[in-house]
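Subject: Structure handover

Hello,

Here is the structure for you to look at. My notes on it follow below.

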Amino acid sequence: MLAKTFRNPLFWLCLIGLALASVLPLWVSGYILGLLTVAYYFGVFSMAWDLLFGFAGEVNFGPTFLIGLGAYTAGILNGHGVGIPLCLLAGTVAAVIGGLVLALPALRVRGPYFGLTTVVAVLILQNLIVVFADTTGGEIGLTVPDVISIDAATNYWIALGFMGVSGLVLYAIAVSPVGLILQASGQDPVEAGALGFNVAKHKLAAFCVSAVFSGLAGALFVFYMGTASVGTLIDVSVGVQVIIGAVLGGRRTIVGGVLGAVFLIAAGELLRPLGSLSTFVVSAAALAVILFVPAGLLGILTRQGRHA
């Protein structure tokens with residue numbers, strides 16, 4: 001097993017990528033570190049989404065429901081004097097509970113109906129934030145009194161470490177027997193059930209794991225940004241960016257989500273002088289990769305690694 005891991009080009013790409021990322025604070029500006037910090041958190045969002053869609057085969061169009069639950073729970077509690085560690089724990093628990101409440105009925109339906117259910121959950125959460133504006137900050141947003149750090153390098157290290165651990169855990173699940181069962185359940189749930197696998201239980205477990213990392217990443221993101229709002233964390237457009245990041249990086253790869261998220265954040269920043277046209281250019285480039293390179297950006301890199 002260990003020898004097989006060392007022969008895998010993906011292992012060496014990830015190792016080299018982490019090594020390079022770990023020395024960036026030594027020679028890049030705080031501004032770039034800030035962009036990468038955001039990209040790393042979005043990378044975790046995309047990796048968590050990929051476990052549910054890429055392996056379990058459930059089209060979750062509302063990843064920001066879990067992210068928002070974690071973020072707002074942590075932010076609201078911090079506003080009432082609760083320390084950051086307990087807020088992070090509470091945000092994670094809230095995302096898991098919300099994920100269970102959503103998944104238990106949603107997993108009873110198939111095809112596009114599951115996706116529609118997740119979109120409705122996001123819209124409901126948005127409305128609740130507006131209705132309870134005295135607590136959530138409403139459309140203006142919620143400002144948290146505490147932040148993890150005001151040092152760009154410290155925030156970068158935290159995001160990088162969290163992304164690395166998240167990727168390791170999610171990838172380990174994906175390549176484990178549980179991950180194989182999830183793939184079988186996603187491709188043909190009837191046949192998987194006939195083989196004796198509890199399809200609903202495994203998909204529910206995948207949803208819970210996705211909720212853990214989405215909720216915790218959302219809570220950490222709030223304490224990095226110092227604020228939470230519908231537009232930055234819960235809006236459907238944010239969910240679309242998470243999904244595109246996962247598919248662009250490489251569906252059913254887990255770690256490809258990080259590559260896709262970094263590409264989207266970096267491309268959007270580089271093309272910012274184009275104004276509103278930048279969104280079109282980035283979207284067109286992402287669409288071209290998705291259509292003509294189904295394996296995604298990570299597939300391109302691993303293919304080059306095999307030929308090297």
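Start at Leu89, which sits in helix α5, residues 84–106. Please keep in mind that this is a predicted model.

Leu89 belongs to a nonpolar patch on the surface.

Now the overall fold. The protein chain has 16 helices and two strands. Its radius of gyration is 19 Å, close to the 19 Å that the globule rule gives for 308 residues, so the chain is as compact as a globular protein of that length. Along the principal axes, the C-alpha atoms fill a box of roughly 50 × 50 × 40 Å.

The largest pocket has a volume of about 1,100 Å³. It is lined by 32 residues, and those closest to its centre are Leu10, Leu13, Cys14, Leu15 and Val255. Which elements supply at least two residues each to this lining? They are α1 (2–7), α2 (9–22), α3 (30–55), α8 (152–175), α14 (256–270) and α16 (296–307). Helix α2 gives the most, with nine residues. By class, the lining of the largest pocket has 26 nonpolar, five polar and one charged residues.

The second largest pocket has a volume of about 660 Å³. Of the 24 residues that line it, Gln241, Leu264, Ile265, Gly268 and Thr279 are the closest to its centre. Two or more lining residues come from each of α3, α11 (199–225), α12 (230–234), α13 (236–250), α14 and α15 (277–292). The largest share, seven residues, comes from α15. By class, the lining of the second largest pocket divides into 14 nonpolar, eight polar and two charged residues.

Best wishes

Terms used
Residues numbered from 1 in each chain as written. Predicted model: local features only at pLDDT ≥ 70, side-chain atom pairs only at ≥ 80, totals over all residues. Heavy atoms only, no water. Patch = residues over 30% accessible without salt bridge, like charges linked within 9 Å, V, L, I, M, F, W, Y side chains within 5 Å. Areas by Shrake-Rupley, 256 points an atom, 1.4 Å probe, with all protein chains shown as cover. Salt bridge = Lys/Arg side-chain N within 4 Å of Asp/Glu carboxyl O. Helix = DSSP H or I, 4+ residues; strand = E, 2+ residues; numbered from the N terminus. 1 Å grid on protein atoms, 1.4 Å probe; cavity = no way out; pocket = protein on both sides within 12 Å on 5 of 7 lines; lining within 4 Å. Points joined across faces, edges and corners; volume = space filled by probe spheres on them. Nonpolar A, V, L, I, M, F, W, Y, C, P; charged D, E, K, R; others polar. Rg over C-alpha atoms; globule rule 2.2 N^0.38 Å.
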